[in-house]
Amino acid sequence: MYLNEKAWEAEPENLYEASDALKNFLDMYKVLAGAYGRPEVYVPSEDEPYFRSVTYSVAKWLSEVDIEYRRLYLSFWNRRCVYTPDDEYEVYEGQTALRGGTEAVLNDSFMLSICLDDRWERAEIPAVLFSLADNAESPVVVRNVFSASQLAEEPLAAALKATFAVTIYTYEELWERRSRLFPHLRFCPSVRRDLENLEKSYIRQIVKKLSELEEYSSKYPGLPFRPDHLTKTTPESDTTMEMYQKQHTFRDENDVEYQASWHMRFTGIPGRIFFVPDYTDAAMLICYIGKKLPNASYPT
C-alpha cells in the first residue's frame, strides 16, 4: 500500500475534520496490519504526513488524541517502508502528480488516502500514466483505499488477498525459500549479494516478477522463448552487449559463464531482472536482480 502524499496536504476546514480523517485513516491501517498482516505502508523518501494548517499539526493531534490512536499512528510511522519514487514514470490525476499513485499503478497495488478532500473518496481514480523516457501517455486507474469499510467489500477484498498471497518480508527469507517458491528458476550465487544491496521496498515487486517468470517456465518447458507472454521483457541491444559484455556475464552454481541479454523491467523502481530463458528445458537462470546495468543508451 502506498501513501497518497497529496491527500495529506489538503487544509482541513476545522480541527474536528482533521481528527476524524486521521482516525479513519488509522482504522484502515489497523485492519491492514491485523487481518491482512501488512503493517507497513510505503512512503516516499524524505516525506512526512502533515496538515496544511498553521494552527493544527499532526504533532498537536498526537498530543491530544487518546492513547490507542496515538499508538496506531506511531506503529504506522515507525513501520513505514521508505522508497525512492520512480524516475521514469509519473501518474497525474488532473494536474496533480501522485507519487503514491504512480507506485500503486506500476506495482499493481493500492493507494492509501486520508480524506481531507472529497476528491480522494473514490475507490478508483482515473488518471494518466506518463512515460518520461519516450514522452508517451496512457489512461490508468489508481485503486484507492479511503475507508476501513472498503476492506471487507468485494472486489477489493479479493484483490487485496491476491496481492498479499505470497508473503515475503526479507531478502534473506526470499533467498532461503527460492527453491520452494520458484522450482523452475535457478539462481546465480551472485544474486544473493544483489538482494543484500536493495532497498526493502523492492521486495514485493521482485517477488511478483519472479512469480511471473516461474509461471511462464512451468507452462512452456522446452519451447522456444516467447517474451510476448511476459510483461516488460526485452533483450539488450547488440551494441550494449558488445560494449558491456563483462557487466552482462554471470556464473551459475557450477561456475559456468552465461551472458544475460534478456531482462524484465521492474515497474516502479529503476531496476531489472536479467535471466537466461533457455538455461535448461525446464528452468530459467536468474542472473541479476538490481538497479539498471549499463547500456548503450544509459552508460553508468
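**Notes on the predicted model**

1. Let's start with a hairpin. Strand 4 and strand 5 (residues 96–98) run antiparallel and are joined by three bridges. One of the pairs across them is Glu93 with Thr96 in strand 5. Two residues sit between the strands of this hairpin, and Gly94 has a positive phi there, near 65°.

2. Before going further, a word on confidence, as this is a predicted model. The average pLDDT over the chain is 87, and 92% of the residues score at least 70. Among the elements, strand 9 (residues 185–187) has the highest mean pLDDT, 98, while helix 5 (residues 156–163) has the lowest, 70.

3. Back to strand 4 (residues 89–93). Strand 4 also pairs with strand 7 (residues 124–131), again antiparallel, this time over four bridges. Tyr92 has Val128 of strand 7 as its bridge partner. Which residues of strand 4 are on its covered face, and which on the uncovered one? Tyr89, Val91 and Glu93 are on the covered face, whereas Glu90 and Tyr92 are on the uncovered one. Note that Glu93, the partner of Thr96, belongs to the covered set.

4. Now helix 4 (residues 99–106). Six of its eight residues are buried, so the helix is mostly covered. The buried ones are Gly100, Gly101, Thr102, Glu103, Ala104 and Leu106. After the helix comes Asp108, which has a positive phi near 50°.

5. There is also an open sheet, made of five strands in the order 9-15-14-13-10, with mixed pairing.

6. The largest nonpolar core has 86 residues. The members that touch the most others are Tyr73, Ile206, Leu210, Ile286 and Ile289. Helix 1 (residues 15–34) supplies the largest share of this core, eight residues. In soluble globular proteins, nonpolar side chains tend to be buried together.

7. Ile206 deserves a look in the viewer. Which residues does Ile206 contact, leaving aside neighbours within four places in sequence? They are Tyr171, Leu174, Leu195, Leu198, Phe266, Ile273 and Ile289. Ile289 is also one of the core members that touch the most others.

8. Cys188 counts as buried, at 0% relative accessibility. Cys81 is buried too, at 4% relative accessibility.

9. Last, Asn78: is it buried or exposed? Asn78 is in helix 3 (residues 67–78). Its relative accessible area is 60%, so Asn78 counts as exposed, the cut-off being over 50%. Asn78 lies 213 residues from Lys291 in sequence, and their C-alpha atoms are 26 Å apart.

Methods:
Residues are numbered from 1 along each chain as its sequence is written. This is a predicted model: local features need pLDDT of at least 70, side-chain atom pairs count only at pLDDT 80 or more; totals for chains, interfaces and linings use all residues. Side-chain values use heavy atoms; hydrogens and water are left out. pLDDT is the predictor's confidence in each residue, from 0 to 100. Two strands pair if DSSP finds at least two bridges between them. A nonpolar core is a set of buried Ala, Val, Leu, Ile, Met, Phe, Trp, Tyr and Cys residues joined through side-chain atoms within 4.5 Å. Buried means under 20% relative accessible area, exposed over 50%, partly exposed in between (1.4 Å probe, protein chains only). Contact means heavy atoms within 4.5 Å.
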